[in-house]
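Hi,

Here is the structure I promised to pass on. Have a look at it first, and my notes follow below.

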Amino acid sequence: MSDKIAETTFPGAAELFSLAGRTALITGASGGLGLAFAHMLHGAGAHVILAARNEARLAAAAAALGERAEAARLDVTDDASIEACLAGLAARGVVADIIVNNAGIATPKPAIEQSAADWDAVVAVNLRGAFLVARAAARRLITAKRPGSIINIASILGIRVGSHLASYTAAKAGLLHLTRSLAVEFARHQIRVNALAPGYIETDMNSAFFATEAGQAMIRRIPQRRLGTPRDLAGPLLLLASDAGAHMTGATIVVDGGHTVNSV
C-alpha cells in the first residue's frame, strides 16, 4: 500500500478544486449566502445558475457576475416551478451537475405562538423544497448518465437547539438525515449528497443584532470568539462541489468556530 501511495501523482490544488466545465444551480441565490455561494462557485470556474423567485434581483446579480452566469426563476415549494426550470435548461442542453440547496426561511416565535401555517411554511422551504430540488436534479443527472454533487445547506441548529425556532431546527435536523438517506440511494448513480452546516455567519441581515449586547454575548459563547464570514464557507463548499471531495457522500461539514463542541 505504501508503494502505491508513493507512486501516485497528486494534482495541484488548483486542478483538484477546479469546477471548469461544471454547471451549478444555487437556490435562494438572489442575495445573502446564496449569492455568496454563486460567487464562490463561479470563481472556481463553474457556469452558475442563480435561482430564486425574485427575478429582478436575480437578473442584476447574474449580470454582475458576467460570463458563465445566468438567472432562473424557481420556487422550491412548487414542484411544477422546479420542473419548468430544469426542463428549460435541458432544452438548451444544460444539466446542472452541482446543486446547492440553499433556500431557507425562519419564523422566530415561541412554539406556543407558532401557527400551523408558520410551521408549514418553514418546513416547505427548508426541508420539502430541498427534497423536491434534489429529486428533480437527480432524475436529470441519472437520465443523462452523469455524476453530480448535491450540497444541502443545513445549520448547526439542526444539531443544537435554538430558542424560539422549533420549526427551523426540526426542518434542519430533518435535512441532515435526508442528506444521509439520499446519499445512500444516489451513490450507485455517482451522485454525491452532502451537507454544509454553518454556525453564525455575519451577513447584512444579522449584523445589527450582533452589534447589540445580546448579540455580543452570543459571540462570546463561540470558542473562537468571532462570527464566521461567507469566506469561511468557501473552502468547505468547494470541497463538496469538486473532485477534491470525490469520495465524500452522506457527510456533514460543520463550520461554526467550535460552537457545537463547546462545553456546557
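Let me start with a lining: the second largest pocket has seven nonpolar, six polar and two charged residues around it. Here Ala, Val, Leu, Ile, Met, Phe, Trp, Tyr, Cys and Pro count as nonpolar, Asp, Glu, Lys and Arg as charged, and the others, Gly among them, as polar. Before you read on, note that this is a predicted model, where local features need pLDDT of at least 70 and side-chain atom pairs count only at pLDDT 80 or more, while totals for chains, interfaces and linings use all residues. Residues are numbered from 1 along each chain as its sequence is written, and side-chain values use heavy atoms, with hydrogens and water left out.

Back to the pockets. A pocket here is an open set of points on a 1 Å grid over the protein atoms alone, where a 1.4 Å probe fits, with protein on both sides within 12 Å along at least five of seven lines; lining residues have an atom within 4 Å of a point. Points are joined across faces, edges and corners, and the volume is the space filled by probe spheres set on them.

(Buried means under 20%, exposed over 50%, partly exposed in between, with a 1.4 Å probe and protein chains only.) Beyond its neighbours within four places in sequence, His259 is in contact (heavy atoms within 4.5 Å) with Ile156, Arg160, Tyr200, Arg221, Ile222 and Pro223.

The largest pocket holds about 1400 Å³ of space. It has 46 lining residues, with Leu33, Gly104, Ile105, Tyr168 and Met205 nearest its centre. Two or more lining residues come from each of α3 (32–43), β2, α6 (116–144), α7 (166–186) and α8 (207–210), and α3 has the largest share with four. By class, that lining splits into 25 nonpolar, 15 polar and six charged residues. Helices (H or I, at least four residues) and strands (E, at least two) are DSSP runs, numbered from the N terminus.

On to the strands. β2 (residues 47–52) pairs with β3 (residues 69–73) in the parallel sense over five bridges; pairing takes at least two DSSP bridges. Between them the chain passes through helix α4 (residues 55–65), in a right-handed β-α-β crossover. Right-handed means that, with the strands pointing away from the viewer, the path from the first strand over the helix to the second runs clockwise. Ala52 has Arg73 of β3 as its bridge partner.

Thr23, in β1 (residues 23–27), is buried at 11% relative accessibility. Leaving out residues up to four places away in sequence, Thr23 touches His47, Ile49, Val94, Val95, Ala96, Asp97 and Ile98.

Most residues other than glycine have a negative phi. Lys145, though, has a positive phi of about 55 degrees; it lies in the loop between α6 and β5 and is exposed at 77%. Arg225 has a positive phi of about 60 degrees, sits in the loop between α9 (213–220) and α10 (234–241), and is exposed at 53%.

Cheers
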